[in-house]
Amino acid sequence: MTAPDAAVLRCEREGAVLTLRLNRPEALNALNGELCAALLRELDAAAADPSVRCVVLAGAGRAFCAGQDLRDPAVAPGDGPRDLGEVVAARYRPLVLRLRSMPVPTLAAVGGVAAGAGAALALMCDLVLARRGASFVQAFAAIALVPDSGTTWVLPRLVGRARALGMTLLGEKLPASQAEQCGLIWKCVDDEAFDAEVGALAARLAAQPARALARTRELLDAGAAGSLEQALDAEAAAQRELGFAADYAEGVAAFAHKRAPRFTDR
Ligand code: T3D
């Protein structure tokens, strides 16, 4: 794996779990070009490293991520207009597609506010665990932009059109408890239990059959857009692939012998 970028991204390893921690706490971990590049580089490295079986995305300090760094000269309109289409295509598109196609499960550990593209990156992870004091903000309208980084795709899928419009048009801070209630995230956790729950859930995901989980994500994403026939065909194709893989034999053997499985496929 490549060396961690200590300046803006911390890479923390605990067994098969890799935690990528956004590390610009003075700017609430806002995303500049350097941080986006470092994150993509480490996600690519994790995808290629068979010893990584779960990736956790987290933030240093009191925030998860405040979205695009509005002081970044590449986007700040101070010296004249900026082509933000170029910025989102170059920085956020590859990150979103990389997260959504990781060969291992991904977990967002949202310990504080997640805004704009920061919320989008969290919502692109397979599971989102949020500290009770955390919140989610669709911050785009406040600076007269549209939701980006896949927000228009993921938000209505998670919470439906009415709530997606309410969140994006009003841009209010949505507390983690309400985010759980409306299905935006997997779970809201009491502040004092948060770190332990993140560690336990990540370890549990890392012990799961990674390839089967990645195919499950693909099928759920594709199924939401396609017909029932397409879903049945895609399920059969994935089941064919997984049925020939080692993890299936291991899972059935573990069941038969009443022992814990040791999954290795990715
Ligand atoms: O632009 C493009 O390239 C297109 C791509 C867009 C993708 C996007 O993500 S657009 C959305 C960008 N993000 C925002 O608009 C969020 C702006 N921030 C906020 O609304 C609030 O800061 C928060 C709701 C996130 C948190 O509020 P609060 O009260 O907890 O903290 P604060 O006091 O507002 O911020 C603390 C510090 O962080 C402050 O710095 P200072 O004054 O102490 O030196 C603040 O300026 C800084 N900060 C917060 N967000 C950003 C930021 N610095 C740079 N960029 C930020 N996004």
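Student: Among contacts between residues at least 6 apart in sequence, what share joins residues at least 24 apart?

Tutor: In this predicted model, 68% of such contacts in the protein chain join residues at least 24 apart. The protein chain itself is built with 10 helices and 10 strands.

Student: What radius of gyration would a compact globule with 266 residues have, and what does the protein chain have?

Tutor: A compact globule with 266 residues would have a radius of gyration near 18 Å, and the protein chain, with 19 Å, agrees with that.

Student: How should I read a salt bridge, and which residue does Arg-98 meet in one?

Tutor: The general idea is that side chains of opposite charge can pair when their charged atoms come close. Here the side chains of Arg-98 and Asp-44 meet in a salt bridge, at 3.3 Å from N to O. Because Arg-98 lies in helix α2 and Asp-44 in helix α1, the pair ties together parts that are 54 residues apart in sequence.

Student: Which residue forms a salt bridge with Arg-100?

Tutor: Arg-100 pairs with Asp-221, and their closest N and O atoms are 2.8 Å apart. This pair links helix α2, which holds Arg-100, with helix α8, which holds Asp-221, across 121 residues. Asp-221 is buried, with a relative accessible area of 17%.

Student: How many salt bridges does the count come to?

Tutor: The count comes to 15 salt bridges.

Definitions and conventions:
Residues numbered from 1 in each chain as written. Predicted model: local features only at pLDDT ≥ 70, side-chain atom pairs only at ≥ 80, totals over all residues. Heavy atoms only, no water. Helix = DSSP H or I, 4+ residues; strand = E, 2+ residues; numbered from the N terminus. Rg over C-alpha atoms; globule rule 2.2 N^0.38 Å. Contact = heavy atoms within 4.5 Å. Salt bridge = Lys/Arg side-chain N within 4 Å of Asp/Glu carboxyl O. Buried < 20%, exposed > 50% of the residue type's maximum accessible area, 1.4 Å probe, protein only.
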